[in-house]
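Good morning, colleagues, and thank you for the time. Please look at the model on the screen while I go through a few of its parts in turn.

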Amino acid sequence: MATEAKRHKVSDDSELSPLQNFLQWCDRVHLVLSSKVCVSKEGTVAEYGMLAKDDIDEGEVLFTIPRSALLHQGTTKISALLEKEGSSLESPSGWVPLLLSLLYEYTSSGSHWKPYLSLWTDFKTLDHPMFWSKEERDRLLRGTGIPEAVDKDLANIQREYKDVVLPFIAKHPDLWNPDTHTLDLYTQLVAFVMAYSFQEPQEEDDDEEDEEDEEQEAPNPPMMVPMADMLNHVSNHNANLEFTPDSLKMVCVRPIRKGEEVFNTYGQMANWQLLHMYGFVEPYQSNSNDTADIPIGNLYEIATQGIQSDLDRQLLEEQWEMACEILQEKAAFVFGKQGCLTDTELHTVLKVISMSDKEFSEFKDNEGWEEDEEDDEKISLAFSNEGLPGLKASWKGLIRETARLTVRSYRGGGEGEKMEDVDVDRALIEDEAALAALSSRQQRALQVRYGQKSILYRLMELTTS
């Protein structure tokens, strides 16, 4: 049974009136909400969320939102202008049309989406690391990869605003004002899109692939999906968003009991990705998709240690150059809780840099391996947690010492990360009172760091002969 969203009453009108207004708006735009769910701030893991008011079976539709209620460059009031001048809005991110739509709609008192956008009165609930001070990011997140990603994001946002957005809004003073539509607001809206937008999957083409056209189709631009963005994420989710020609539907994918929270999935996301893109993490034990990156340069540093002769160094440098060409600019080897997720790449590099001079010459002459020489399934098994102890000793040594070098990149004193620091992190996570005494940022950073270090220490154990 389904009911209109306005049927769901709010207990505190003064505090939750924005939510009540939003639910009434949902009714006006014909968003149909199941009578078995409600939106609430109480009993959810973070901010707004959706709770089951009754038992829900797999396959039941939790809500249906018509495409006309979605907010994107094709539905905004300024869609005709964005389409007409689209060529001037191109950027590496591909987000400028949506962000201009949000700049306009968020600050327009007559916006069709005002009840939806009013749920975020000042975006202070967004606490992505991009809003932390640089000192705090470096201190709490060193080694995780997040500070570098944020620095790149902020530089790109500033460049995009200065080079693309500002010239465009200056041409249309009747719609935008640089004093209102500032870089700060633009940055907040970027975080809003990062955390709450959805991208429709590309339609699968059943026709045979055109070998001559190897250019990959650009992904669909992001869009805001009211109600769907109310759902929080866990890796072990119980609902999933489905796209149809006329509407989007949130569908239950496994039974949900009365009183439980309804969780969507944002994809297979490691904790560092969740914190970077969405501003939250899962407890490290719960996130089955957590990963740790080992920078490719760390393997090179370990491989060059102990080289005595100039000839051996020259050979390794040639091998490394060829291995990097094969890797095509990959920056890191990725390890998950069950083993290496970039097993083919790691296998390739280890095999190439372990060749003798004669083997490498033959390899170059043959322009690589025969296509069928390597069995992907065997490689995957060899670099899983089950297979890693069985690798040849020299490869295990390289992996172990590269993991050890990577661990040293996390915060710590003097010589880098010490085993005692890992023990301190573990003790904090296991002590509920101590964990609760930390700030929210400290807690989230701790979960990211400890999850990554746990994977790396497990990898060192598996590759110790």
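This is a predicted model: local features need pLDDT of at least 70, side-chain atom pairs count only at pLDDT 80 or more; totals for chains, interfaces and linings use all residues.

In sequence, Thr 182 is 21 residues away from Tyr 161, and the C-alpha atoms of the two are 8.9 Å apart in space.

Let me turn to strand β3, which covers residues 37-40. Side chains in a regular strand alternate between the two faces of the sheet. In β3, Val 37 and Val 39 point one way, while Cys 38 and Ser 40 point the other way. All four of these residues are buried. Which strand pairs with β3? The partner is β4 (residues 49-52), in the antiparallel sense and over four bridges. Within this pairing, Val 37 has Ala 52 of β4 as its bridge partner.

I come next to an open sheet of three strands, in the order β12-β13-β14, with antiparallel pairing. Its edge strands are β12 (291-295) and β14 (339-340), each of which pairs on one side only. Strand β13 (residues 332-336) runs antiparallel to β14 and is joined to it by two bridges. Here Phe 335 has Cys 340 in β14 as its bridge partner.

Helices lie against this sheet as well. Helix α11, residues 343-353, lies across β13 and β14 and runs at about 130° to β13. Helix α17, residues 440-462, packs on the sheet and touches β12 and β13, with its direction at about 65° to that of β12.

Helix α17 also leads us to my last topic. How do α14 and α17 pack? Helix α14 (residues 393-407) meets α17 at an angle of about 155°, and their axes are 9 Å apart. The two helices are therefore roughly antiparallel, as angles over 145 degrees are classed in that way. The crossing of α14 past α17 is left-handed. On the α14 side, the contact includes Lys 396, Ile 399 and Arg 400; on the α17 side, Leu 456, Tyr 457 and Met 460 are among the residues involved. By type, the residues of this contact comprise eight nonpolar, one polar and three charged.

Thank you for your attention.

Key: Residues are numbered from 1 along each chain as its sequence is written. Side-chain values use heavy atoms; hydrogens and water are left out. Two strands pair if DSSP finds at least two bridges between them. Contact means heavy atoms within 4.5 Å. Axes are lines fitted to C-alpha atoms, for helices over the stretch in contact, and angles run from 0 to 180 degrees between N-to-C directions. Angles under 35 degrees count as roughly parallel, over 145 as roughly antiparallel, 65 to 115 as roughly perpendicular and the rest as oblique. A crossing is left-handed if the near helix is turned anticlockwise from the far one by less than a right angle, and right-handed if clockwise. Ala, Val, Leu, Ile, Met, Phe, Trp, Tyr, Cys and Pro count as nonpolar, Asp, Glu, Lys and Arg as charged, and the others, Gly among them, as polar. Buried means under 20% relative accessible area, exposed over 50%, partly exposed in between (1.4 Å probe, protein chains only).
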